[in-house]
Amino acid sequence: MKKKLAVISTACLLILANDPIPSYATPDSSSDVLDQPTGVTNEDVKAIFDSLYQEGYSLGEEDGYAEKKFEQFDQTTGLDKSSEEFTWFMMGYTVGYKKGQQQKEEELKTEQENEISSGEEEGYQQGVLDYKHATIQSEIESFPSKSSDWNKGYVQGYKKAISLMDLSVKAKKDGYDQGLENDSMSVPSMYDDDDVTRQAFTEGFETAQAEVLNQQKKQFEKQGYVQGYHDLSLEVPAEAEGELQTAFEQGYEKGQKQKQKDVKANGYDSAFTYQTYRAPKSLQSKPQLEKWYKAGFYSNKDVKYLQKKAYKDGWKLGKEMSVPKKYKQNKAAVAMYKKYFEQGQKKQDRTVSHILLGSGIVLTLVALITLWRLRRRKNEETTLDS
């Protein structure tokens, strides 16, 4: 018995000292490891081998996962087996132990990676928020309730966010600069590897392109406005295509409308100056403009009202000239008001003169009558005294 135990111990030490055995050899008919009794076939030997190997493998896998060698052994383990059988058993145990140990390591590694990943994701999100709000932490906070791996990931994620946001700011500026100079975008490799920096570069480029387009649209709209205001035929420049052509045409239409408005306003103002309609010489060869001018002239319904008011204000004694607020910004209306106000004043002066003249005649007659009466009374008194 002692001899058998010594063999078992030696076999255990030798097998566990070697590298894990990835597979095992199945005894064949030439094997001298196991003395085959009469009537035992190779298939029987293989079945025995498989059984012993699997038994050891299962025990070894449990011990390897728990990282405790021979945890499943007791004092009777192997006593019911021959040296050859125990060797096969230990081969299975060794492989199973390494397998269980590897499984445990992989699980721990996966758990660690998950913790780091979870912390990194949260740290990244917090870093982005702090960057946007300009509250970047010089000393990144730690969370005692979380594992060390989670906190490690959090720090990594936070630093990654700050670094990436710094790079995205530069990417956006570079994209903007490129957009001002080129019509086609080419993302540099340093920004193309990450979605954040690539998007930032794209946004900068598109912002610049939009500004360039808006500036071009303003320029073409202005050109169209000038062309329309001067009542020229619509001629879109060859380089104005798409939105630029639309901008030019819109400018032309605005110029036409403003010209019509100004010509009508001139016609309206001319009604304050002239009693009857007269077309300016500059418009006589331009029927459309003259039409607008004439429409403005006849749209003025304020002439008679302002004439009467100005004349009436001038006629009133002591009344100062006061153009109604509605017409103060219209030079033609002010000029007409002044003209008729002065006419009213002249009428006032003539009326006052007539009144004063009439008053002077009456006073003279009264004075003569009074004097005559006084003289008559005096004569009567002298006659009575004599």
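Select helices H6 (residues 195-229) and H7 (residues 243-273). Their axes come within 6 Å and cross at roughly 35°; axes are lines fitted to C-alpha atoms, for helices over the stretch in contact, and angles run from 0 to 180 degrees between N-to-C directions. The model is predicted: local features need pLDDT of at least 70, side-chain atom pairs count only at pLDDT 80 or more, and totals for chains, interfaces and linings use all residues. Residues are numbered from 1 along each chain as its sequence is written, and side-chain values use heavy atoms, with hydrogens and water left out.

Next, show side chains at the contact (heavy atoms within 4.5 Å). On the H6 side, the residues that meet H7 include Leu-213, Phe-220, Gly-224 and Tyr-229. On the H7 side, Leu-244, Phe-248, Gly-251 and Lys-259 are among them. The residues of this contact divide into eight nonpolar, nine polar and six charged. Here Ala, Val, Leu, Ile, Met, Phe, Trp, Tyr, Cys and Pro count as nonpolar, Asp, Glu, Lys and Arg as charged, and the others, Gly among them, as polar.

Stay on H6 and select Thr-197. Thr-197 counts as buried because its relative accessibility is 1% (buried means under 20% relative accessible area, exposed over 50%, partly exposed in between, with a 1.4 Å probe and protein chains only). The side chain of Thr-197 reaches the backbone oxygen of Asp-194 at 3.1 Å. Not counting residues up to four places away in sequence, Thr-197 touches Leu-164, Leu-167, Ser-168, Ala-171, Met-190 and Tyr-191.

Move to H7 and select Ser-270. Ser-270 is buried too, with a relative accessible area of 7%. A polar atom of its side chain lies 2.6 Å from the backbone oxygen of Gly-267. Leaving aside neighbours within four places in sequence, Ser-270 is in contact with Tyr-293 and Phe-297.

Finally, show the whole chain. Its secondary structure comes to ten helices and zero strands (DSSP runs, H or I of at least four residues for helices and E of at least two for strands, numbered from the N terminus). Of its 386 residues, 27% count as buried. Among contacts with a separation of 6 or more, 69% are between residues 24 or more positions apart.

Definitions and conventions:
A polar contact is a pair of N or O atoms within 3.5 Å; within protein, one must be able to donate a hydrogen and the other to accept it, and residues adjacent in sequence count only if both atoms are side-chain atoms.
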